[in-house]
Amino acid sequence: MTTFIRILARLVLAALPVAIPLSVMAQGDPIGIVIMHGKGGSPSRHVADLARALESRGYVVANLEMPWSGNRNYDVNVSRAEEEVEAALVSLRGKGAKKVFVSGHSQGGLFALHVAGKLAVNGIIAIAPGGSVSSPVFREKLDGSVTRARQLVAEGKGNELARLEDYEASRGTYPVIAVPAAFVTWFDPEGAMNMPRAAKAANPQVPILWIVPKRDYPGLLKTTPSMFRALPANPLTKFYEPDSDHLGAPSASVNEIMRWTREVAGAPDR
């Protein structure tokens with residue numbers, strides 16, 4: 001019996017490195033994570049599986065509807081959106097989260113990169129980030145709408161809803177009813193949604209998990225490596241390529257997001 005117990009103990013100890021990561025969340029301080037959907041989306045679409053999976057593993061999750069959703073259409077400016085994310089972070093900390101992360105998919109991923117230089121977080125997760133308004137295609141497709149929105153602001157009509165245009169690679173150009181004064185802040189080529197600017201302006205102390213699915217849109221696959229190289233150096237920053245397309249990237253990245261956030265949460269403060 002003694003020999004059997006010793007063998008059993010060895011087997012249990014050998015299994016611990018696999019078992020511990022799944023149980024730590026229940027025993028220790030929970031990790032908090034803000035999740036932001038993509039352009040025209042919502043919390044119940046492409047990021048929903050990610051939110052449910054993280055919650056089931058003990059994460060404290062804030063799955064937000066952001067100003068670029070199909071319902072909101074840029075109803076507030078960039079600064080107000082930053083405040084919405086900050087309020088969610090405060091809520092996560094109030095629920096016991098000691099380490100907090102901001103994640104986003106597609107346009108949400110680009111906004112996550114933007115707040116990497118703005119908000120106090122432990123890490124950023126950019127899932128298939130896209131929608132950089134500094135790109136030639138955005139300038140070509142939306143220059144007229146940006147000019148019109150600026151004109152409406154100059155005429156004192158910046159807070160009156162107006163028919164403007166948005167652009168997405170998979171949809172082309174399409175109309176949105178938006179607030180011109182807010183719209184301008186989102187589509188200013190030198191503003192918040194300029195991806196090269198956001199990457200360079202990230203806080204060097206904030207590690208970034210940059211996720212690019214292997215079957216992402218060709219334009220993003222072409223430009224992303226140079227964007228990633230523009231990030232400030234951080235030993236915990238990582239580039240991850242799930243076997244997925246653009247829309248499936250959040251679901252395909254669940255395990256890596258859990259692994260990486262636990263690694264960052266357990267690392268010594270820098």
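Author: Contact here means heavy atoms within 4.5 Å. The model is predicted, so local features need pLDDT of at least 70 and side-chain atom pairs pLDDT 80 or more, while totals for chains, interfaces and linings use all residues. Residues are numbered from 1 along each chain as its sequence is written, and side-chain values use heavy atoms, without hydrogens and water.

Reader: Hello! How many helices and strands does the chain have?
Author: Helices (H or I, at least four residues) and strands (E, at least two) are DSSP runs, numbered from the N terminus. On that count, the chain has ten helices and eight strands.

Reader: What percentage of the residues is buried?
Author: Buried means under 20% relative accessible area, exposed over 50%, and partly exposed in between (1.4 Å probe, protein chains only). The chain has 270 residues, and the buried part of them is 49%.

Reader: What share of the contacts with a separation of 6 or more joins residues 24 or more positions apart?
Author: Start with the contacts in the chain whose separation is 6 or more. Among these, residues 24 or more positions apart account for 67%.

Reader: Which elements are included in what covers the buried residues of helix 6?
Author: Helix 6 is mostly covered, with six of its eight residues buried. These are P180, A182, F183, V184, W186 and F187. Their cover includes strand 5, strand 6 (172-178), helix 3, helix 4 and helix 5.

Reader: What kind of aromatic pair do F138 and Y167 form?
Author: Rings of Phe, Tyr and Trp (its six-membered ring) pair if their centres lie within 6.5 Å; planes under 30 degrees apart are stacked, over 60 edge-to-face, and the rest tilted. A search of the whole structure finds eleven such pairs. In this one, the centres are 5.3 Å apart and the planes stand at 90°, so the pair is edge-to-face.

Reader: How many residues apart are F138 and Y167?
Author: F138 is buried at 9% relative accessibility, and Y167 is buried at 11%. F138 belongs to helix 5 (residues 136-154) and Y167 to strand 5 (residues 162-168), so the pair links distant parts of the chain, with a separation of 29 residues.

Reader: And how far apart in sequence are the parts that W210 and F228 tie together?
Author: This pair is edge-to-face too, at 6.0 Å centre to centre and 85° between the planes. W210 is buried, with a relative accessible area of 0%. Because W210 lies in strand 7 (residues 208-211) and F228 in helix 8 (residues 218-229), the pair ties together parts whose distance in sequence is 18 residues.

Reader: Which residues does Q107 contact, leaving aside neighbours within four places in sequence?
Author: Q107 lies in helix 4 and counts as buried, at 4% relative accessibility. Beyond those neighbours, Q107 is in contact with G38, K39, W68, Y74, G130 and M193.
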